[in-house]
Amino acid sequence: VNENLHEEAVKFIKEAAYLFPDNADFQWLLTFPLRSLERYKEAAKAFEACEKIAAKTRPDFLDERFYFQYAAAVERSKDFDRAAKIFQKTIELIGKQNQEKADNAFAAQVYNYLGYMWLENDMKIEEAGELIKTAIDLDPNSAAITDSLGWFYFKVGRYEEAKKELLRSEVLLEKEGN
């Protein structure tokens, strides 16, 4: 997609947000072109502004999917501690869901994202492994999560288990491609 279109979208949405400061939608919409432009710090600020407005006007807007996207933007801006807190809020919201309506694949993605972020940054390795194992329990046939589990085992020196999971991830990835 044309970068100029994203830049024009940013300009347009910022003007709309200025004109309608009590409307959370504009701050939320602003996050999309900012993320496409990889301007993650700005996207995180837009999420923060959206959260403040929505807390007063549309608290139902602040669900687990909102916080997951918010956490991912903060993570990509390299603020890992803050991202972890937002991911944990996402996990709390997932835990409050009606289990019959639970989206296990989404929940698994959240657990995996936080676990993998910690692994990649050599933070809370054991806790990261537990998150990834929870993700595997929720979505056992995900190539990405299986890869994360292999990476965890590699990081803690369990090389045979790492090899097994990484090879299994490769097979799952091939199945996903078909």
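Visitor: What share of the chain is buried, and what makes a residue count as buried?
Guide: In this predicted model, buried residues make up 42% of the 178 residues.

Visitor: Why is a set of residues here called a nonpolar core?
Guide: The name applies because the members are buried residues of nonpolar types such as Phe, Leu and Trp, joined through side-chain atoms within 4.5 Å. The largest such core has 54 residues, and F66, Y70, F87, V110, L114, M117 and W118 touch the most other members. Helix 1 (3-19), helix 2 (24-36), helix 3 (40-57), helix 4 (64-76), helix 5 (80-95), helix 6 (104-120), helix 7 (125-138) and helix 8 (143-155) each supply at least two residues. Helix 6 gives the most, with 10 residues.

Visitor: Which residues does L114 contact, leaving aside its neighbours within four places in sequence?
Guide: L114 is in contact with A84, F87, Q88, I91 and L131. These pairs count as contacts because they have heavy atoms within 4.5 Å.

Visitor: What part of the contacts links residues 24 or more positions apart?
Guide: Such pairs account for 51% of the contacts with a separation of 6 or more.

Methods
Residues numbered from 1 in each chain as written. Predicted model: local features only at pLDDT ≥ 70, side-chain atom pairs only at ≥ 80, totals over all residues. Heavy atoms only, no water. Buried < 20%, exposed > 50% of the residue type's maximum accessible area, 1.4 Å probe, protein only. Helix = DSSP H or I, 4+ residues; strand = E, 2+ residues; numbered from the N terminus.
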